[in-house]
Amino acid sequence: MKKRGRGMACMWYPIGFTVAANPSAATVKVNTDGSATLLTGTVETGQGALTVLGQIAAETLGLATDDVHVVSGDTDVTPMDTGAIASRTTYVTGNAIVRAAEKAREILFEAAAPLLKVKPDQLEARDKRIQVLGFPSSSIPIGQAVQHSESVLGNPAIGSASYNPPTVEMDPETGQGKPFNTYVYATQIADVEVDDETGEVEILKIVAVHDCGTPINPMLVEGQIQGGISMGVGFALQEEILFEEGRQINPNLTNYIMPTSLDMPELEVGLVDNYDPTGPFGAKGAGEPTAVPTAAAIMNAIHDAVGVRITALPATAERVLGAIIEKQEAERVASH
Amino acid sequence: MRALDYIVPESAAAAVALLNEHGETACPLAGGTDLVVDLKHSPGNIQVLVDVSGLEEFHGIEETEKGLRIGSMVTYGEIMENPICIEKIPEVVAASHTVGAVQTRNLGTIGGNLVTCVPSADSAPALMVLDAEVTVTGTDGDRCMPIEDFFIGPRKTILEPHELLADIWIPKKMLGKPSSFSKFGLRKGQALALVNVAAALELDKGKILEPRIALGAVAPTPIRALKAESHLAGQKPTADLIDEAAQIAVTETKPIDDFRASANYRRQLIRRLTQRVLTQSLEIAAER
Amino acid sequence: MLVEINVNGEPRSADVPPETTLLKMLREDMGLTGAKLGCDVGDCGTCTVIVDGVSVNSCLMMAARANGSKVTTIEGLANANELHPLQEKFEEHGALQCGFCGPGMLISAKSLLDKNPEPTVFEVRDALAGNLCRCTGYTKIIEAVMDAGREMRSGQSGA
Amino acid sequence: MATRTKDIRADTEELVTEAKAPSRQPLTVPTDKPVAYPLDLPEGEARLRTPAVGQRASRPDGRLHGLGQTQYIDDITFPHMLHAKILRSEYPHARILSIDTSEAEKMPGVLATLTGDEIPENSFGPTFQDQPVLAYPIVRHRGDGVVAVAAVTEQQATDALEKIKVEYEPLPHVFDPMEALEDDSPKVHGETNIYTSKTIKKGDVEKALKESDHVFHRQFRTQMVEHVPLEPHASIASWDGNGRVTLWTSLGRITLGREDLARTLAMPQSKIRLIGTVVGGNFGGKNEITNEPILALLSKKAGRPVKSVFTRGDEFISSTIRHPFTMDYTTGVDNSGKILARKIRLVLDGGAYCSWTGTTIGKGSILAPGPYNIDNILVEAYAVYTNKTTTGAMRGFGAPQVCFAYESQMDDIADALGIDPLEIRLRNGFSENSLSPTSQTLQSVALKESLTQAAERFGWKEWQE
C-alpha cells in the first residue's frame with residue numbers, strides 16, 4: 001500500500017572559504033558610448049555567474065545588464081580570482097566588482113560635476129545617466145561623461161579593486177572564531193509516497209524556500225535551487241559509488257543511478273526577503289546550499305509516512321523495505 | 001572503436017551467407033544499442049559487422065490468419081506507435097515503453113533485445129505470456145520454436161553463428177488476451193529491471209482459464225512460472241489465491257545477489273509484482 | 001567508406017573508417033560539434049540527433065547505418081533570422097545552465113513536439129528521460145518545452 | 001585503414017552493396033559550407049532594463065547553448081593535435097617496480113609517453129600537496145594515473161595503453177574509514193591515516209547532557225557520490241616558440257590552477273596561460289588540476305598540441321567525489337524540546353589524497369550542530385585516508401551530510417516529545433544576533449522566515465491537522 005508522508009529540513013550555510021583568504025579582483029572599464037566591460041578571473045561553470053556579475057557591474061554604473069560585456073577566464077587577460085567554488089562568486093567577486101565599478105564611477109562623477117555644476121558627491125549613476133541626486137532632469141548620458149573624462153580631462157573611466165571576506169582565525173583547541181563573514185539559510189519540505197510492499201519512495205513535491213540575501217537575478221537563483229534539489233534527490237534515494245576490493249563497480253551512467261526527468265517531482269521555490277549589508281546590493285549566495293537540506297527533508301517525510309528512520313543514505317527501495325520489515329518484526333515481538 | 005568492416009547485405013539470404021562465411025568474427029548489427037557499446041568496451045573477436053537492420057524481410061507488423069507477426073528489426077518505437085500492437089498486445093507495448101529512453105527505443109529492435117538475451121530483457125516476459133514463437137533463419141533454412149526455447153542462458157541463445165532471428169509470432173487466439181506487465185527498476189527513467197513480470201489469463205464462468213506468468217531478471221533467462229500458473233488454473237480468483245500463486249512463483253525463480261539488489265529483495269519484488277500483474281489481468285478480464 | 005547524408009537540409013558526405021559512429025562523423029568530419037559526447041554508451045543523451053524523423057543516440061548509431069538518411073542536429077533548428085520556438089523559450093526561461101545537455105535536450109524536445117504538439121507534463125518528462133541534466137533539476141526545461149508547445153500551437157511563430 | 005581491408009568484399013561481391021543508397025554523383029554543395037545561424041536577434045527585455053539588479057535577465061551564454069554554438073574543450077581542435085589517454089593503477093595500493101613503455105612507443109601513431117618520474121614537481125593539492133600528477137613510485141588507489149600516452153587518434157592512444165608493462169609489488173590496503181582509524185591498520189601515507197582533524201567546543205557538553213531531560217543518540221552514515229558533470233574533465237595543451245604553454249581547460253579556478261601548473265612544471269607563471277572555457281558542469285569536481293600538467297609535458301615532448309577528454313569511467317574513478325561521513329550524534333533536550341547540548345563525532349572517508357578535505361572538515365564541523373541556539377557543543381571530526389577514490393570538493397562541502405544527521409535527529413526529538421517538527425525548529429532556530437557554534441554573532445539571519453514561508457507554501461499546518 002502507498003503511504004503518504006511529509007517532512008521538513010532547514011539548514012545554514014556559509015559563503016566563502018573557512019577562514020582562509022579567498023580574494024577576487026575585478027576591473028571595470030566604461031566605454032565612450034556608455035557601455036562597459038567587466039574583467040573577471042572567474043569562470044562560467046553553468047550557474048549564470050557571468051550574467052549575475054554583469055548585473056552587479058551594471059547596477060553600480062546605472063546601466064542595464066546588456067550594456068556590460070563580461071570577459072572572463074583567461075590568465076593573460078583577467079585578474080586574480082579564487083574561482084567558482086564555495087558559493088562565493090556573487091558575494092566575493094560581486095563585492096570586488098562593486099568596488100571596481102565605484103572607482104570607475106568616481107572618475108565619471110569628477111568629470112560630470114563641473115558640467116552639471118555640482119560637487120561629485122552630489123551625483124548618482126542611474127538609468128544610463130549621471131544625474132544630480134534627486135534632480136533627474138539635471139543629468140548627462142554616461143557616455144558623455146566618459147567622453148569628457150577621457151578626451152578632455154585625459155582620465156579614462158576604469159577601476160580595479162579586490163575583495164576578501166574578513167574572518168577571524170579559529171582557536172585550534174576550541175574552534176572558536178569567525179570563520180566566515182556571512183551565512184545563508186533555507187528550508188525544504190518534501191511530500192512523499194512510500195510503497196510499503198516494495199519500499200519504493202516517490203517524491204510528489206518539494207517546496208524550497210531559500211535566503212540568498214538580495215536575489216541579483218531571481219530566475220538564476222531559482223535555477224540553482226531546482227538543480228540543487230535534483231542533486232539532493234539523487235543523494236537521498238539513488239546515488240552511490242560502490243566498491244569491490246577498492247575497485248568501483250558502477251563507474252558509468254548505466255549503473256550509477258542519478259535522477260532523470262521522470263524522477264524529479266514538482267518543485268515550488270520561494271525566496272525570503274532579506275538584505276545583507278556586507279554583500280553586493282545585499283546579496284549573499286545560492287550555489288551549494290540548495291543541495292543541502294533535500295535529503296534530510298525526504299528522510300523525515302519517509303519517517304512520517306511509514307515510521308522508519310533511515311540512518312544510511314541512499315534510501316534505496318531495498319533499504320526502505322528492509323527498515324519497514326524490521327519495524328514490523330519489532331512490533332510483532334513487542335506485542336507478544 | 002577498433003577497426004571493423006561494415007557490410008550491408010541486400011537480403012536475409014545474403015546476410016546468412018556472410019555470417020556463415022565469417023563465422024565467429026562476424027556479428028549481425030540490429031539497433032546497436034547493446035552491440036555498439038560492446039564494440040567500444042569489449043569487442044572480443046568481432047571484425048565484421050553485418051548490418052541487418054534495414055533488411056525488408058525483418059521488418060513489418062502484420063496480422064494474418066496465423067496471428068500477429070512482428071519483424072525482428074521492428075523498433076520499440078514502432079511497436080509503441082503501431083495501432084494493431086496497441087489494440088492487440090497492449091502489455092508488449094507497455095513493456096516496450098519501459099525500455100531505456102526514447103532514443104534507445106527508436107534504435108533498439110525487439111529482435112535485437114531477444115538475441116542479446118540479457119535476463120532482464122523487458123520484451124521477453126510480455127511475449128512469453130502470449131505464447132509467442134520465433135522464426136530463425138540460417139543456411140539450412142528456417143526453423144520455428146516457442147520463445148522460451150530460444151533462450152539458453154545469460155547472453156546466450158540457440159542461434160548458430162550463421163543464423164538470424166527473423167520474426168516473432170503471436171498466435172491469433174492470444175491477441176487481445178487480458179494481460180498486464182510490470183517492471184521494477186532503480187529509478188523511473190532509463191531503468192534496468194530488477195524484476196519484470198507479465199501475466200495473461202482469461203476468466204471463464206468466474207474461473208481462471210489458461211493463466212500465464214512470465215518473469216525476467218530473476219533467473220539466467222526469462223522464465224515462465226509454470227507451477228504458479230497451474231495453481232491458478234481452473235480456480236476462482238481470490239486475494240489469497242493470487243498471493244499463494246505469487247509465492248509459488250517466487251520458488252520457481254533463482255534471483256541473484258548483485259550490487260543492484262539482493263536476491264532476498266528480488267524475491268520480495270517477485271511476489272509483489274506477480275500479485276499486481278495477476279490482479280490487474282483479472283480486473284481486465286472481469287471487465288470483458 | 002563513403003557516407004552520404006542530408007544534414008539540416010544540406011547534402012553532405014564523408015569518407016570515414018567503417019567503425020565510425022554517426023556522432024564522430026558529425027563532430028569530426030562534418031564540423032557539427034553541437035551534439036556532444038558525454039558518456040559514449042547511450043546513457044546521457046547529449047549526442048541526440050534526429051535521423052529520418054526519430055531521435056536517436058548518435059553515439060550508438062554507426063555512421064554507415066545513417067547513409068542515405070535525413071539528419072537534423074541542433075545546428076539545424078534556427079535560421080539566420082529567427083530562433084526555433086524551443087530555443088527562444090529555453091533562453092527566456094533560463095532553462096539551460098552549463099548547457100552541455102542542451103543540444104540533446106532541445107533535439108529530444110523538438111522530436112516530441114513534432115509528433116505530439118500538445119504534450120502533458122508527464123509526456124514531456126517521459127520524452128526527456130533519455131537526456132540527463134545535472135544542473136537544472138529539469139524544472140525550467142520542462143516549463144520551456146510546455147511554453148514552446150503553446151507558442152507553436154498558437155502559430156505565433158513561423159517554425 | 002588499408003592494412004585490415006581484407007578481401008571480404010571481393011568474395012561476396014554479388015551479395016553486398018557497400019551502402020544502402022549508393023550515390024556516386026559529385027555533390028553540388030561544398031561540404032564545408034557553414035550552417036546558417038542567427039546573428040542579429042533582439043535581446044530579452046529584462047537585459048535592457050534598469051536597475052539591473054533584480055531583473056530576470058537572460059544569459060548571453062544561454063542562447064549559445066541552445067544554438068549548439070558554445071565551445072567546450074572537446075569542440076576545439078588544432079592542426080596536428082594529438083590525443084592523450086592515461087593508464088591507471090591495477091592495484092588499490094602498490095609500489096611500482098618497473099614501467100616499460102617501449103612497446104607502446106612503437107605502436108602506430110604514438111608520439112609521446114609520460115611517467116610520474118618525469119614530472120618536475122610531481123605533487124599537488126589545495127591544502128597538502130600529497131597527490132601525484134602521475135603516481136610514482138606508489139599507487140594509492142585504482143584511479144591513480146601511472147602512464148600517459150599521446151597519439152594521433154584516441155584509439156591509437158587507447159591501443160597503446162595495452163602495450164605498457166607495469167610491474168607492481170602489492171602493498172597492504174585499507175578501505176574502511178573506521179578501520180583506517182585503528183593504529184594497526186595499513187597506512188596510506190606516512191605514520192597515521194588521520195590526516196586532519198577539527199574540534200569545535202563550546203560550554204560543557206558532558207554536564208549539559210547529564211542535566212538534560214532526554215538524550216537522543218544515533219549514528220548516521222552517507223555514501224560516496226559523484227558530481228556527474230555532463231561534460232567530462234577536458235583540456236588541451238599547446239606550446240609556442242617562446243616556450244610559453246597555453247592550456248584550454250574545464251577547470252573552474254584558473255588563477256590558482258596556473259599556480260599549481262607553475263609548481264608542477266617548475267616554470268614561471270608568466271610563461272603559462274590558462275583559458276577557462278565554459279565549463280560543462282562543475283559542482284566542485286573541477287576545482288583542481290587533473291591532467292593539465294600531463295598534457296603540457298606530453299605536448300612539449302611531442303611538439304604538437306595535445307587534447308585529453310576523460311572517459312565517463314575516468315570521470316568516476318580518477319576525479320574527486322563526495323566524502324562519506326560516519327556521524328555519531330548525541331543530543332540532550334529539556335521537556336520543552338529546547339536543545340541543551342549536542343555532542344558529535346564525524347569521521348570523513350578521505351580516500352587516497354587530501355584534496356579539499358580541509359575545507360570539507362572545516363565546514364562540516366562548524367555546521368554540524370545545525371542552525372540552532374545551543375550553548376553546549378562538542379564536535380570532533382577526523383579525516384582518514386583510505387585506498388579508495390579521492391574525496392574532495394562537492395556542492396556543500398560536508399553540509400548535506402551533517403544536515404541529513406542533524407535534521408533527522410530533530411524529527412526524532414520532535415516525534416518523541418510530541419512537538420510539531422516546524423515548532424521545534426522555530427523554538428531552537430537561529431535568529432538575528434544568535435551565536436554560532438564558533439560564537440560568531442550572526443547577522444542577516446533568515447532561518448525562521450524560510451521555515452514559516454516554506455510551511456505556508458506547503459500548507460504544513462493543514463497537513464498536520
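Tutor: In this predicted model, helix H2 (residues 85–93) of chain C and helix H3 (residues 102–115) of chain C have axes that come within 10 Å and cross at roughly 130°. H2(C) is therefore oblique to H3(C). Angles under 35 degrees count as roughly parallel, over 145 as roughly antiparallel, 65 to 115 as roughly perpendicular, and the rest as oblique. An axis here is a line fitted to C-alpha atoms, for helices over the stretch in contact, and angles run from 0 to 180 degrees between N-to-C directions. Helices (H or I, at least four residues) and strands (E, at least two) are DSSP runs, numbered from the N terminus.

The crossing of H2(C) and H3(C) is right-handed; a crossing has this hand if the near helix is turned clockwise from the far one by less than a right angle, and is left-handed if anticlockwise. From H2(C), Leu86(C), Gln87(C) and Phe90(C) meet Leu106(C), Ala109(C) and Lys110(C) of H3(C). Two residues are in contact if their C-beta atoms, placed from the backbone, lie within 7 Å. By class, this helix contact has 4 nonpolar residues, 1 polar and 1 charged. Ala, Val, Leu, Ile, Met, Phe, Trp, Tyr, Cys and Pro count as nonpolar, Asp, Glu, Lys and Arg as charged, and the others, Gly among them, as polar.

Chain C also touches a neighbour: 20 of its residues are in contact with 20 residues of chain A. On the chain A side, helix H4 (residues 218–238) gives the largest share, 7 residues. That side has 8 nonpolar and 12 polar residues, and no charged ones.

Contacts also occur within one chain. Chain B is assigned domain 1 (5–51), domain 2 (56–174) and domain 3 (179–287), with bounds from an automatic or database domain assignment. The centres of domain 2 and domain 3 of chain B, taken over C-alpha atoms, are 20 Å apart. Domain 2 of chain B brings 21 residues to the contact and domain 3 of chain B brings 25. On the domain 2 side, helix H5 (90–97), helix H8 (123–128) and strand E8 (151–153) of chain B each give two or more residues, and H8(B) has the largest share, 4 residues.

Residues are numbered from 1 along each chain as its sequence is written, while chains are lettered from A and ligands numbered from 1 in the order in which they are written. As the model is predicted, local features need pLDDT of at least 70 and side-chain atom pairs count only at pLDDT 80 or more, but totals for chains, interfaces and linings use all residues.
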